[in-house]
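Subject: Handing over the structure

Hello,

Here is the structure I promised to pass on to you. Please open it next to this message, and read on below for what turned up in it.

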Amino acid sequence: MTLLKDESEKASALELFLKIGLDERTAKNTVANNKVTSNLLEAIREAGVTDGCERTIGNFIYTVATKFPKNALAHRPILLKYIVASKIKTTVQLDAAFEHLAKTDPNEFDLDVFERACGVGVEVSAEEIEVAVNVVFEARKKEILEQRYRINAGELLKDVREKLKWADPKLIKERADIKLYELLGEKTAADNEKPKKKKEKSAKAEEKKVSAEIAQLELTEEELNPFSNFPQPEENFKVHTEIFFSDRSVLRSCNTKELLDKHLKTTGGRVLTRFPPEPNGYLHIGHAKAMFVSFGLAKERNGHCYLRYDDTNPEAEKKEYIDHIEEIVGWMGWEPYKITYTSDYFQELHDLAVELIRRGHAYVDHQTPEEIKEYREKKMNSPWRDRPIAESLRLFDEMKKGEIEEGKATLRMKQDMQSDNFNMYDLIAYRIKFTPHPHSGDKWCIYPSYDYAHCIVDSLENITHSLCTLEFETRRWSYYWLLDALSLYQPYVWEYSRLNITNTVMSKRKLNRLVTENWVDGWDDPRLMTLAGLRRRGVTSTSINAFVRGIGITRSDNSMIRLDRLEYHIREELNKTAPRTMVVLRPLKVVITNFEDGVTVDLEARKWPDAQTEEPTAFYKVPFSKVLYIEQSDFRMEDSKDYYGLAPGKTVLLRYAFPIKCTEVILGDDNKTVVEIRAEYDPSRKTKPKGVLHWVAEPVPGVDPLKVEVRLFDKLFLSENPAELENWLGDLNPHSKQVILGAYASPIIENSSVGDRFQFERLGYFVVDTDSTTEKIVFNRTVTLRDSYAKSGSK
């Protein structure tokens, strides 16, 4: 990379940029950007115009320096020569050149094809332009005369360019302006007036409403196929990235034809991706997005996806986590092509490390972690950086044999300590750890780092698309530097925005603290955004995948997604799959005084509101008797117009049953607490009250209804983004979990099993928890019925 280290070099570059015709502002902005400066200086040298050139040519050279396709850099000098010779002299030709070179394999470049694609030698005369303009204007003459100068001139010019592809756009515009003036003459006052916008609030409101409804029904193109932008494996010959070194050299990393051909022969051109979690904790919803991207792309392209455990740190990994990850991947609906471990490749990784040393790209270092940190901050080389290759080979072998103490030596990659990218500051490749490995046992006492192993194993497994979140973007340089240094096949790397959801934390470190310090009840606590926690809460894998698909897999890095949006997708599915029933959380006794003693009547209640009436499976029996229970919150001593519950002297409808009217209220010893309601029912159902209440009755006179435990969950944190708070634990919601021990339920749920889901009418969606026993059924609330996301019109 051309680093301008002093003012004289900056002044020289500025002078050269002005000599090729750049305006002063553009020239100064360019000098301030090392990357653009490097490209432009190189392009000027390739063009042979270090003594200056015409402004038009200089501007084209600047465009080439900033927009030229990276995969075709070998042919950039050819394009520049055509520009200097004025064989490519219009923006249309230049754009055509970029398009042609971007999609052409550099090894199959054909000069004749290139010239035809760019219109080289095609001359369009002024007369031809005039004829084409006249034809277009005559065809649209009526429209032009009606709209006058408000006509969309861009569409007129486009029509002309379609007839004369290689004509100079400037000449087309000049001729079109003349023709427009000939037809319309001078602009009038009316031509200069801005059109007034009519205020139609009601119409706009209706349009907005309709648009919101359509948005709920129609999927965007990205939602229909979020993988459409990824290249095919055979297209992986383009430059992946440019690595600018402090010595002014530039590495343009890409696969050679030989490497790509070998890869395609091995894979048969099939897409291969990987999902590479580190087995040091339970997976969370962010991993659901990673699975969707990697497994989803492979499925979309009829390829395969590896489940690869990134197990390079023996101190953090546990078999518990390994087993959990494999099980939860299956629950999410994905089937790995193969299950592999980075440790499967420890021997190959070691052998390649030896080769890296032999090539002069790695050395054994004895700096402490503190010294390494200090030297990196100061951009200083390690004292052992330039030790002889043979010495590093001997010391690395001693590290492998366990002859050097832990912490006394590391193997570091020899990258670029003066780079602008801190991920090129001689990253550690190997460290000593006398710790048995969960998968490979005690065979090794040196372990590779993530930065060393990740890209190499991607290459060894012939991964076509290495997909990861944006925080890894700065690691691209080291990823491709290492593969290039070892002459290995290079996968296509693409980063996407990580998934952040409001009112929770996603980092494994914070999740680990919540679990180990008992702030929550384990990794599968329903309040956590771990996939185990979401499953226990009753969330389905299909609704999680629908949520991930809905938010897309873009590179936008400001994606804090509201929890409401996830809840929207959960409700969408459970509304169709969860049968309805009635449960009373905080029971208030109601005695129907005009109902016969010792009698129970079975009434029909709907499991599925949208089901046809003749479907017997759409109904269930609910007992109605003299003693029943309603929610305490559904009764008030004082009525009001906006209250639809029960009150003294007021009538409400019991869902699926009869209207009842409160005739008497029984208070407790404190003369305040309501302990019982006396009411009369209307067996004829002629009364039509507004309020409708859910209820549960004694299944048999004198026998209490089925008693269940219900757990109500709310947001775990009070703030939308607790992770950014210094005292994030202090932001925990003290009311995130409420346990109700004495709820009453309809008999239909008595035989339900763990994982069964229901909609408790008026209360929300619930699932049978794993803590349930034969003596007690425990329910977790998955989500309430309220849907603020859909109401807000968000999408």
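Let's begin with helix α2 (residues 24-31), whose buried residues are Ala27, Thr30 and Val31. Buried here means under 20% relative accessible area, exposed means over 50%, and partly exposed is in between (1.4 Å probe, protein chains only). Helices (H or I, at least four residues) and strands (E, at least two) are DSSP runs, numbered from the N terminus. Looking down the axis of α2, you will find its buried residues within an arc of 100 degrees, so they line one face of the helix; the arc is that of the directions from the helix axis to the C-beta atoms. This goes with a general point: an α-helix has 3.6 residues a turn, so residues three or four places apart point the same way. The cover over the buried residues of α2 includes α1 (7-19), α3 (34-47) and α4 (55-67), where contact means heavy atoms within 4.5 Å. At the start of α2, Asp23 has a side-chain oxygen that comes to within 3.2 Å of the backbone nitrogen of Arg25.

Two notes before you go further. This is a predicted model, in which local features need pLDDT of at least 70 and side-chain atom pairs count only at pLDDT 80 or more, while totals for chains, interfaces and linings use all residues. Residues are numbered from 1 along each chain as its sequence is written, and side-chain values use heavy atoms, with hydrogens and water left out.

Next, two buried residues in helices. Asp458 belongs to helix α21 (residues 450-460) and counts as buried at 0% relative accessibility. Leaving out residues up to four places away in sequence, Asp458 touches Arg274, Arg308, Ile463, Ser466, Tyr479 and Pro491. With one of these, Ser466, there is a side-chain to side-chain polar contact of 2.8 Å. A polar contact is a pair of N or O atoms within 3.5 Å; within protein, one must be able to donate a hydrogen and the other to accept it, and residues adjacent in sequence count only if both atoms are side-chain atoms. Ser294 is in helix α16 (residues 285-300) and is also buried, at 2% relative accessibility. Its contacts, again without residues up to four places away in sequence, are Thr273, Arg274, Cys305 and Leu467.

Now the strands. There is an open sheet of seven strands in the order β23-β20-β21-β22-β16-β19-β24, with mixed pairing. At its edges stand β23 (692-693) and β24 (696-697), each with a single partner strand, so one side of each is left without a neighbour in the sheet. Two strands pair if DSSP finds at least two bridges between them. Strand β16 runs antiparallel to β19 (residues 627-631), joined by five bridges, and Leu588 stands opposite Ile630 in β19.

Strand β15 (residues 583-584) pairs with β26 in the antiparallel sense over two bridges, with Val583 opposite Ala745. Strand β25 (residues 706-713) is also antiparallel to β26, over seven bridges, and here Val710 faces Ile740.

What about the aromatic rings? The whole structure holds 31 aromatic pairs. Rings of Phe, Tyr and Trp (its six-membered ring) pair if their centres lie within 6.5 Å; planes under 30 degrees apart count as stacked, over 60 as edge-to-face and the rest as tilted. Phe595 and Tyr681 have ring centres 5.4 Å apart and planes at 65 degrees, so this pair is edge-to-face. Phe595 lies in the loop between β16 (587-592) and β17 (600-606), and Tyr681 in strand β22 (residues 674-681), so the pair ties together parts that are 86 residues apart in sequence. Phe595 is buried at 8% relative accessible area, and Tyr681 is buried at 16%. Elsewhere, ring pairs link Phe227, Phe275, Phe292, Phe295 and Trp334 into a cluster.

Two rings also have a charge over them, a term used if NZ of Lys or CZ of Arg is within 6 Å of the ring centre and within 35 degrees of the ring normal. The charged end of Arg535 sits over the ring of Trp331, 5.3 Å from its centre, and that of Arg636 over the ring of Tyr643, 4.0 Å from its centre.

Enjoy exploring, and write back with any questions.

Best wishes
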